[in-house]
Each structure stands twice: as C-alpha cells, then as structure tokens.
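Hi everyone, thanks for coming. I'd like to walk you through a structure today, so please have a look at it with me.

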Amino acid sequence: MQNACGAPEKNFGTRAAFMITLETVKKMAELARIELDAEESRALAKDLEQILDYIAVLKEANTEGTREFSVSAVNEFRRDDAHPFDGAPALAAAFPHAEHGFASVKKVIEK
Amino acid sequence: MSARELVAKYEVVVKEKNRALNAYVEFFPDAFEEALKSDERVSAGDAPRALEGMPIAVKDNILIRGKKCAAASKILENYTASYDATVIRRLRDAGAVILGRTNMDEFAMGSSTEQSVYGPTKNPHDPTRVAGGSSGGSAVAVAANMAWGALGSETGGSIRQPAGFCGVVGLKPTYGAVSRNGLMAMASSLDQIGPFAETVSDTETIFDVIKGKDPMDSTSADHAAGSPKHGKPVVGIPKKWMEGDGMDADVREVVERAIETLRGAGFDVRDVSLPHTRFALSVYYIIVPAEVSANLARYDGVRFGLSKEGADVIDGYFKTRGAGFGPEVRRRVILGTYVLSHGYYDAYYRRASRVRRLIGQDFENAFLDVDCIVAPVSPKPAFKLGEKVKDPLSMYLEDIFLVPANLAGIPALSLPYGAVERDGKKLPVGVQLIGPRFGEGILFDIGKFLEAHR
C-alpha cells in the first residue's frame, strides 16, 4: 500500500521484518543513560520494530556515487575574542547542586 | 491603538479562552510594562519601529532572559533562561512586546501538542481536536486572537502543520535564514525558528525582523532576496504527492482549487517530479533521532533542570533522564542510539544522509524549471485528541508532505485556503508553498495572491 507522495503506508498485519529484542532495548537504554521499566521496554521494542520496518524502504534508494549530506559547503570562522557575559550568576543559580558557586557532582572515581 | 491597549485587548481574550485552549503556559505579567515603554518612545516623537508595540507570543523552547523556559518538559520545568535568544533580541529591537510563552510537544517532538508536561493544547475550531504540533500553542494563540503574531520552531513541519490545522499563516524559513542561537536544540541540521500570523503580510514583517546572519550561529546567513527567474512565476505541482490514497478527497479539493486559481490567473502551472521525496519520512526518522540522542545528552541533572539522586553519578543520570523525559523523547533517544550504534551506522545514518542529498537535488532540479511548488500541508484536517498519541508511526505520517522541505533546507509557507466539515464543525485546510533556498519572497508574493483570491 502506498501513501500520498508514494511513501510506504504503515505495514498493517504483516510480521515485522525486524526483531528488536528486550536485550537490545536494554542495551540502548544503557548507552543513552535512561532508566526504563519492563513494560515500557516491551512497548519500545514493538515501536522500534514498526519504525525500522517503515524506514527499511531506504534500501530501494540508489545512493551509489552520492556524497553524504552536509549543512554547509563553506567553513565559518569567527575571531576568538572574549565577550562580556553577565548571565553567570543566573547560570550558577540553575545548578541543582552547588558548592561555593560551582556545580557539584558525586565522586566519579572510586578509590 | 497604543501598545498598552493592544496588550490589554489580547489579555482579555487570553483570560477568557486560555483555560479551555491551553495555548499559553505563561502570560508574562510585565507585558504591560513593555508596552508602556513602547508607547513612551512613540509619544516622545521616535519613529515607530517595524514591530512597534506589536504583541507576540513565543514557543516555550526559545530563551527569554529571566523567564522560565521548559520546552514543555518535566526535566526543565524550573529552568530560567539566562540570556535572550537572538530572535528575541531582534523582536525587542524592532519594538515588539513579548506576551508570553506557548505550549508545545516536549522538546518539539510531536505533531499534536499533546505530549506536553502542561497538558494538551486544543484546536479553537473544535476543542475535541488537536492544534497540531509541535508549535501548537503559538498557532492557537494567533488563531484564537490571543496574540498578533507568534514564533514557533520547525524541525519537520512543526510550524506549517499547526498553522494548517488552526487556519493561520506559518513560515518555515530557509535553513540558516534565522539564527538558532537561544533555540533549544533538537536536530541541529534541521531546526529553524519561524513566524505565525493571521496574514501573509504580517508573517513577512516578522520574518524580516528576525532574519539575518548572527555571529552566534555559524550556520546563519544573510538573506539574498531571491526573485523569480520567470516574469510571471512558474508554479510546479508534485503530481505524485497529489495522487496518493492517504489523502481525504475534500482536503485534496482545496489544494486543487488553489492550483486552479493560479492557472486561471495566467500562472504557468507545470508538473514537477521529486522522485526521492518518497524516502523523506524514512530519512527524517533516522537523522532526527540520531541528532536528538546527541543533543539531549546535556540533560543530565548536573548543570540545570531536574536532578534525581542516584547511588552514584552514573545512576543519577539514569534516574534523572528516566524521570525527566516523557515517552516520545525517550523513544527518540533510544531509536537514535540504535541507528548510530556500532554495526548499524552505515545501514541507517550514512544511507539516510546520502538519500537526504538526493532529496535536495530533486528540489534543485525542480527549481530550474519552476519558481514555487504548490502542495498539500497535511493529508487530513485536525485529528481528535488522543487519536494518535499511542501510535507513534501514525503520528509521524502526519508530516509526510512537510519533511521534504526541512531535509532540503528550503523555505515553505502554509496558508489557510479552505475548510472541510467534520462532525458538524468547519475545520481549516491549508495549502503549502515551497520555494528555492532564500526564495521566501516568492512564497510571500504567491501567498498574498492566493489570500486575495480565496
């Protein structure tokens, strides 16, 4: 079934070509530093299967000899000058945990 | 009318309607003072500036110094901006009065403004339906006469789709036309700030104020006014887009009527072929989650925002991000992490990036032949609240006609052109005009023509 603009429509009823296991979701959540409960992990595995199934149509595109996209063809330079910024106290006020005006974090390296 | 009278006029409407529609998440108490300053300038004899005293609403992901800015996320609920975004500075310099901040989908991820920590925004034409999104609050503020103009942001249709659903004009400028400094990053290679207003001319006025190069955004550029290559602009129609069966017949008729109006007025109307745009949504849902997963790494509970206690510093990240991000944000971060992960990068990101270039080339080729492309905004009118929020893919498909312009970095305008009836309510339908890079002028010209010939 083709949607408007010739893009594939949702793949209703057919078995997803991709299998996303709970382990995969768990691994991605670990890399992304996001705590997920079991129910959401299962739902996410399904969602990901559907989405990856949809985007699999990209296999049909002929990309031979095509360079990757880039935002701009030219590099932008700007002088490495100092500019006054008076928002520092506001930035510091936003620190969730602060000591002496600095953001404080738990110890990273254990002895 | 003085600026104070204008602010007071909108404030009355906000008090009357905002509880039901939820367009504003905060109406600024100092808007009246700002208006007073503008009035004093004018009465002192200063020449009025481009937006002197004009009240403007701003999406909750654009920083306004000293004001809360949360991107409708729990993780930033108590965050206060420490500087003005460049667009805010430019609005102020032009005399505009900032009325308040408007609701949106969390971190601009969504097409309905339902996925917000502040609750959903409702469509003023039928409050059981969505406003569209992610800039739904800004679209409703203008549509329900709660602001003269508004700023939204687009990554993939987030201005044009709610503009279409709410019956107002919305512009997604050329990538780089407007500075992103002070816009919370979602997908940096696509994000762009743009205006909403009731008319094309007002939209153009706001755009002229906010556009232009900014040293704080290295991707911004000065706007070289584009002019049509042909004496009378040549209009292109992407035939394939119009032929698909995903569109409602009466919505298609509105777009066809716009095309016929142009043809009848003597515009040369030609078919254009954009063969790679059928891949656009697939490319979009690889590129965007990939960039999202990187851009949202900064929300870790250390420098700002929500911070949950963990057993150690890493556990604190897990707890903060698990509790602070909503479901769609979590979904995209996880998807983005997947498509970028070892072994999948070539198959997904690299491939998508190449197809993205091909989509851009499709438009470049089309614009050798035509000056402007006329297309639908959305395949259907505004949908019911709750209808798509549990089905991410059907929500993504909302933006099928919109993401091609984002991926190509070209400007596109949504303007109201008709209405269709659903459940006894008249719902607006928009028409989309797409132009070549920095071709906003052509969109405004044709937009004004269509506006005058509805």
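I'll talk about a helix, a surface patch and some aromatic rings.

Before we start, keep in mind that this is a predicted model.

Okay, the helix. Find chain B and go to helix 4, which runs over residues 136-143. After the helix comes B:Asn145, and its phi is positive, near 60 degrees.

A:Val105, A:Val108 and A:Ile109 make a nonpolar surface patch of about 320 Å². Where is A:Ile109 in the chain? You'll find A:Ile109 in the segment after strand 2 (102-103) of chain A. Is A:Ile109 buried or exposed? Its relative accessible area is 68%, and the cut-off for exposed is over 50%, so A:Ile109 counts as exposed.

Last topic, the rings. Searching the whole structure gives 17 aromatic pairs over all chains. In chain B, one aromatic cluster is formed by B:Tyr79, B:Phe107, B:Tyr299, B:Phe304 and B:Phe325.

Which residue lies over the face of A:Phe69? That's B:Arg356, at 3.6 Å from the ring centre. Then there's B:Phe383: the charged end of B:Lys388 sits over that ring, 5.0 Å from its centre.

Definitions and conventions
Residues are numbered from 1 along each chain as its sequence is written. Chains are lettered from A and ligands numbered from 1 in the order in which they are written. This is a predicted model: local features need pLDDT of at least 70, side-chain atom pairs count only at pLDDT 80 or more; totals for chains, interfaces and linings use all residues. Side-chain values use heavy atoms; hydrogens and water are left out. Buried means under 20% relative accessible area, exposed over 50%, partly exposed in between (1.4 Å probe, protein chains only). Helices (H or I, at least four residues) and strands (E, at least two) are DSSP runs, numbered from the N terminus. Patches are made of residues with over 30% relative accessible area and no salt bridge: like charges are joined within 9 Å, nonpolar side chains (Val, Leu, Ile, Met, Phe, Trp, Tyr) within 5 Å. Accessible areas come from the Shrake-Rupley method with a 1.4 Å probe; for residues, only the protein chains shown count as cover. A salt bridge is a side-chain nitrogen of Lys or Arg within 4 Å of a carboxyl oxygen of Asp or Glu. Rings of Phe, Tyr and Trp (its six-membered ring) pair if their centres lie within 6.5 Å; planes under 30 degrees apart count as stacked, over 60 as edge-to-face and the rest as tilted. A charge sits over a ring if NZ of Lys or CZ of Arg is within 6 Å of the ring centre and within 35 degrees of the ring normal.
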